[in-house]
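Subject: Structure handover

Hi,

Here is the structure I promised to pass on to you. Have a look at it first, and then read on for what I found in it.

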Amino acid sequence: MDDTGLCYTGARKLARMIRTRKVSATEVMRAFIARIERVNPKVNAIVTFLPELALAAAKKFDRNSKSKSRQPKPLDGLPIAHKDIVATKGIRTTFGSPIFRDHVPAEDHAVVERLRAAGAILVGKTNTPEFAVGSQTFNAVFGSTLNPYDLTKTCGGSSGGAAVAVACGMLPFADGSDLGASLRNPGSFCNVVGFRPTPGRVPMWPFPNAWDTLWSIGPVARTVEDAALLFSAMAGPDARAPTTHAEPGKVFARPLARDLRKVRVAWSRNLGGLPVDARVTRVLESRRDAFKALGCIVEEAEPDLADADEAFQVQRAVGFVEAYGELLLTNRAQMKDTVVWNIEQGLGLSAERIAHANLLRSRVFHTMRAFLERYDFLLLPAAQVPPFPVNEPYVTEINGVRLANYMEWMKSCYLISATSHPAVSVPAGFTDEGLPVGLQIVGRYRDDFGVLQLAHAFEGATGAWRRRPAAGG
């Protein structure tokens, strides 16, 4: 098998090949290093590259794997690169900000600890917008990450580097995070799976507010099966993160096959009137019958999430004050305008408005909970537009509708974030211009496994994920 074939081999199969010694971890790592060196200059997805460190770790793994007493681990020998907002001890973590251009953390993020313990080998860091703000991956430290299906377009964000690296076969999978759309949007734009699990599935540590339940960490992969594999190693309780769930991550390593006959799904074109580009609608409408073919009962329906916008925007702004309020006082000139705007939005909030937003978020949770008592899943666009020019910071208009701020083009995702329900973007097809479009699947609270099951079935029925990007070689 040549390097390209090896690098596009599914993560689960690749781990099995390493475990049974059909291929060594060193061979696998050499293949991925060669691919990164060949492809990454085209797309700028991996911004800190550690080939010597990764190769040394792979060789050490191969030596130790010969021991009969060694117990196999789920990610043994597989390369991983962490999003550049995820702290890596002794390895530069910039947060995409010139303020932290040379920042080297003294401790690892919980996800880094877990994936290393599961056998993954660190090969680098993936690009992100400044402080992971916005669904367009560019920053003053490393520049823009380009969409591998069209190098003139954005890859989305904020886990854009992760999505591009996976789409191009530079990584078998990657971690990412999602506040408003940051796993689902680049998943949609790069024809990969971006899974935002129920908040609390994966520990957020270290993190400014230990009680935050708006952020969520999850996997990016080319297939749902590979996303589930990585997720099984990421998820589970952590005493340092008090909102984490008690259920262990290994429950997500089970087979995803499921009989979907008579499963009720709600189909929503625009979540109650959001502007959606006609090209996105055409692709998604062409896939509606795939669910009927799986035996699902498909009905047009959507929850009333009118209160979700205020709940999300206010809680997001408060979070910016928590995380970056002090930094604004000392480093304002080095922050991009949208970060400054969001912090100032938070600083200007009254106690009454914050309290009201908390109540609204509770209301939208129960609205979605009640809606998904009638339906098993909600299906809707993962992104309201296809990938747009990389020199545009964000979308300002959709279908002639002017948008109020840099976030509003992400509403189909961030309104779902406000409900705390799990959601995944799964490849659905391509526009006439060859640009990827993802379908968002939302499930019941904590039914993360069910979301993965339906996404897996849809993926198998359509095969859209098989189309590789030209930039990937």
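Thr 126 counts as buried, since its relative accessibility is 0%, and the cut-off for that label is under 20%. Keep in mind that this comes from a predicted model. The residue belongs to strand S3, which covers residues 121-126. If neighbours within four places in sequence are set aside, the contacts of Thr 126 include Ala 45, Ile 46 and Val 47, then the run Ala 81, His 82, Lys 83 and Asp 84. Gly 161, Ala 162 and Leu 171 are also among its contacts.

Confidence is lowest in helix H1 (residues 3-7), with a mean of 89, and highest in strand S13 (residues 377-381), at 99.

Back to S3 and its sheet. Three strands make up an open sheet with mixed pairing, in the order S1-S3-S2. Strand S1 (46-49) and strand S2 (79-83) are at the edges with a single partner strand each, so one side of each has no neighbour in the sheet. From one strand to the next, the twist averages 40 degrees. S1 and S3 run antiparallel and are joined by three bridges, with Thr 48 opposite Lys 125 in S3. Helix H4 (residues 51-64) packs on this sheet and touches S1 and S3, its direction making about 160 degrees with that of S3.

There is also an open sheet of eight strands, again with mixed pairing; its order is S8-S10-S9-S16-S17-S13-S11-S12. Which strands stand at its edges? They are S8 (173-178) and S12 (297-300), each with a single partner strand, so one side of each is left without a neighbour in the sheet. Direction ignored, neighbouring strands here are turned by 25 degrees against each other on average. S8 and strand S10 (residues 216-221) run antiparallel and are joined by six bridges; Gly 176 sits opposite Gly 218 in S10.

Helix H15 (residues 448-462) lies across S9 (193-196), S11, S13, S16 and S17, and runs at about 10 degrees to S16.

S6 (residues 146-147) and S7 (residues 150-154) pair in the antiparallel sense over two bridges, with two residues between them in the hairpin. Leu 146 stands opposite Thr 154 in S7.

In helix H6 (residues 160-167), eight of the eight residues are buried, so the helix is largely enclosed by the rest of the structure. The buried residues include Gly 160 and Gly 161, and Val 164 and Val 166 are among them as well. After H6 comes Gly 169, with a positive phi near 75 degrees.

In H8, 10 of the 11 residues are buried, among them Asp 226, Phe 231 and Ser 232. H8 is followed by Gly 236, whose phi is positive and near 130 degrees.

How do H5 (residues 110-117) and H8 (residues 224-234) cross, and at what angle? Their axes come within 8 Å and cross at roughly 110 degrees, which means that H5 is roughly perpendicular to H8. Val 111, Arg 114 and Leu 115 in H5 meet Leu 230, Ala 233 and Met 234 in H8. By class, this contact has five nonpolar, no polar and one charged residues.

The peptide bond between Gly 157 and Ser 158 is cis, with omega about 10 degrees; Ser 158 is in the loop between S7 and H6. Another cis bond runs from Trp 205 to Pro 206, with omega near -5 degrees, and Pro 206 lies in the loop between S9 and S10.

Phe 95, in the loop between S2 and H5, has a positive phi near 60 degrees and counts as buried at 19% relative accessibility. Phe 131, in the loop between S3 and strand S4 (138-139), has a positive phi of about 55 degrees and is buried, with a relative accessible area of 4%.

Best wishes

Note on methods. Residues are numbered from 1 along each chain as its sequence is written. This is a predicted model: local features need pLDDT of at least 70, side-chain atom pairs count only at pLDDT 80 or more; totals for chains, interfaces and linings use all residues. Side-chain values use heavy atoms; hydrogens and water are left out. pLDDT is the predictor's confidence in each residue, from 0 to 100. Helices (H or I, at least four residues) and strands (E, at least two) are DSSP runs, numbered from the N terminus. Two strands pair if DSSP finds at least two bridges between them. Axes are lines fitted to C-alpha atoms, for helices over the stretch in contact, and angles run from 0 to 180 degrees between N-to-C directions. Contact means heavy atoms within 4.5 Å. Angles under 35 degrees count as roughly parallel, over 145 as roughly antiparallel, 65 to 115 as roughly perpendicular and the rest as oblique. Ala, Val, Leu, Ile, Met, Phe, Trp, Tyr, Cys and Pro count as nonpolar, Asp, Glu, Lys and Arg as charged, and the others, Gly among them, as polar. Buried means under 20% relative accessible area, exposed over 50%, partly exposed in between (1.4 Å probe, protein chains only).
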